[in-house]
Amino acid sequence: MASSELERERDYVHSLYSRLDELLEDARVRLDAVRRENAGGTHQNRSERDAFARIYEDRVAQLRQVDERLAFGRLTLADAPAGAEHHYIGRIGLRDDDQRPLLLDWRVPQARAFYQATAATPLGARARRHLQSAGRDVIRIDDEIFDRDLLDDASDSLQGEAALLATVTAQRTGRMVDIVATIQAEQDAIIRSELAGALVVQGGPGTGKTAVALHRAAYLLYSHRERLSSNGVLIVGPSPSFLQYIEQVLPSLGETGVVLASLGQLFPGEEATDEDAPEVAELKGSLEMVDLLKRAVRSRQIVPREAQVIDVNGERLTIQPSVIHSAMQRAWETRKPHNVARVTFNKAALSSLTRLLADQLRSHGNTIEDSDLGWLREDLRTSYDVRVLLNTAWLPLTPQKFIRDLYARPAWLAELTPTWSEQRRALLFRGRDADFTVSDIALLDEAAELLGEVDLAADARKAERKQQRKRDIANAEQAIRNMRVEGLVDARSLAEGFEAQVYRGTTAEQAAADREWTYGHIVVDEAQELSPLQWRVLVRRNPLKSFTIVGDVAQASAAAGTTSWSGALDPHLGRSWRLEELTVNYRTPAQVSEVAEEVARAHGLDITRSRAVREGEWPVFVTLGQPVEAAVVSAIREDRTRGSGAVAVIATGEVRGRLTAALSREFGSEVGVGAVGLTRAIAVLTPQESKGLEFDTVIVAEPQSIVDEHSRGASALYVAMTRATQRLYVVADSDLPVGMPRP
Ligand SMILES: Nc1ncnc2c1ncn2[C@@H]1O[C@H](COP(=O)(O)OP(=O)(O)OP(=O)(O)O)[C@@H](O)[C@H]1O
């Protein structure tokens, strides 16, 4: 019986693959046809053809990408007509030629029961079946029957336990994979939560926060395609290595138009990777900096102390400070940013100077008619002395130069911060040619807000682009009718294709390049690490405040990060955010997570308890009293006798340097440092770099030095210890942190 069921499923899934192949072939044929058509033609013809070609190319890529585990579930409905009782669930939706559904996209509302039904609340389902595949073959089926009479209350059990355990124990590859086949009920409820407002997902390490956040992005893009495809979705992660780790997940779910950015990449044109020392990052991330920058901008609007004498075509004119001051007054009244208000300042000052010059010329006996005032004004505008006078009073500024000046001119900083100590000011001091750090990015953005931009040419281009887009949409509608592809392609995305040829690329590319772009939704991962200033940047990019915010306040290891969601979010989002929790740990075996929690508690961390889905085979291996280089090398050798997989060595400061040298001597090119390590057998990482990642084996070297590194050191150690999916080794020369088991 069971094997004939397996056969049946195998046959059905084979028929789905045949349909997939047909669609793929169809898209390829259309692509070839489009490429051949209108080879010459007008510019408009060519860009239409290219846009169509891109749409078919994307379709071909999408159909190829869903090949692995195309279908992974079947839902049997309780009250369905014969022949329609089974719904198959997969990565994308498939229909036959008569438009009858063969496979449901996991994101459609009818698929919800596949993830959420329990015996207690079957949601109209009689049974759920998980299909496990190898290549295109179904190799195993697991059934759950929702028949209250036959079962105990199973509401607490894991769904598709066999499939889930197979996934969570699989060897890691250095790249995160999607969990679409085994999403659990508490995760699914979060993924499908409504788009509006800010949703905060709190959960301990390994509870699937990142996975849930990415699947939610895919779900929202699918369910709100119209709105989100034009505004875009931004995903913010803590570091480039983290982005590299997650970058495959959304494409494997068929979604490519998302902007991924680390905190160092949020200001177009700058790409910061260096981190400041913790106390510097804390200061730079604090709200105090907002006032400081405001004062700093104001201090660059300078009323001269004394009257200034200027020469305009041989006429010497004395300008009282009050003339400059009242022009400034006019500019301040606009409440516009510095560079924009400067236009008002210049106009007001030139008007006053024109009047002064006219009066002076009249007093010297010249006849000045009102019609001459325009010429006088032009003389003033082009006069060297006037330019110097006005620029000295109100100089246009770029954010980069402004922030660099602030750091490199201690005397100016001292004027702006009379209540600060010398030591506090010294935290900001940097040479003019120093690279910007990750925490400078939020300051640059804050400065850009205060300074504003006057770019008339860009404004004109923006207006023209809007008009062109309207014309493109009309043309796209016509082209869709001509090519008889209604329903397959929508006019907006086709028009975006035209635009891409003429202008600046896809929505995602445009969004990433434009500081003033506002996204339809922002996903923030490891959100506990964000400083108040970084939150301000993100709220500016998303004025409707539609956020998915995931993190764990107990893992906050950045000095500027947060230990309470309320403290972090209320100032920016008010009380409008909602909180959900994840409670099951899918990553770390209980034997490891219990030790990590014990150490965290011994350091006073208020950790979120979670239940591990598996016990694990190995205890935590602790070595004390050997030189750390030798101990790590032998831990790696020992580990290779226990199992295979990706290894991370996590250490900080000079220990990390020593270890890198020793490991490279021993294991050569198998070793990689930082993000490079993610594609090697052995990655050497700081706790900060390891954030959000996971490895089969983790070796934490000199844990006490991690605790001692800064005020949030215990959290950093907790992060490091919870990266292991199989085995954890702790190696110390002389000192173990409190709470750590002794060897
Ligand atoms: N429903 C699920 N089915 C299969 N695997 C899952 C599921 N949920 C989570 N996982 C796996 O558990 C691991 C941890 O998930 P993830 O990295 O999203 O956790 P996290 O809460 O973000 O952790 P941390 O806070 O430590 O960064 C990943 O390998 C993920 O694929």
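What percentage of the 743 residues of the chain count as buried, and which residues come nearest to the ligand?

Reply: This is a predicted model, in which local features need pLDDT of at least 70 and side-chain atom pairs count only at pLDDT 80 or more, while totals for chains, interfaces and linings use all residues. Residues are numbered from 1 along each chain as its sequence is written.

Of the 743 residues, 42% count as buried; a residue is buried if 20 or more other C-beta atoms, placed from the backbone, lie within 10 Å of its own. The chain contains 30 helices and 22 strands; these are DSSP runs, helices being H or I of at least four residues and strands E of at least two, numbered from the N terminus. Its C-alpha trace spans about 115 × 75 × 50 Å along the principal axes.

Around the ligand there are 23 residues, where a residue counts as near if its C-beta atom, placed from the backbone, lies within 6 Å of the molecule. Pro-205, Gly-208, Lys-209, Thr-210 and Tyr-586 come nearest. At least two residues of this shell are supplied by each of helix H4 (161–169) and helix H6 (209–223). By kind, the shell has seven nonpolar residues, twelve polar and four charged; Ala, Val, Leu, Ile, Met, Phe, Trp, Tyr, Cys and Pro count as nonpolar, Asp, Glu, Lys and Arg as charged, and the others, Gly among them, as polar.

Elsewhere in the account, Gln-265 lies in the loop between strand S9 (258–262) and helix H10 (278–284). Gln-265 counts as buried because it has 20 C-beta neighbours inside 10 Å.

Methods
Buried ≥ 20, exposed ≤ 12 C-beta atoms within 10 Å, placed from the backbone.
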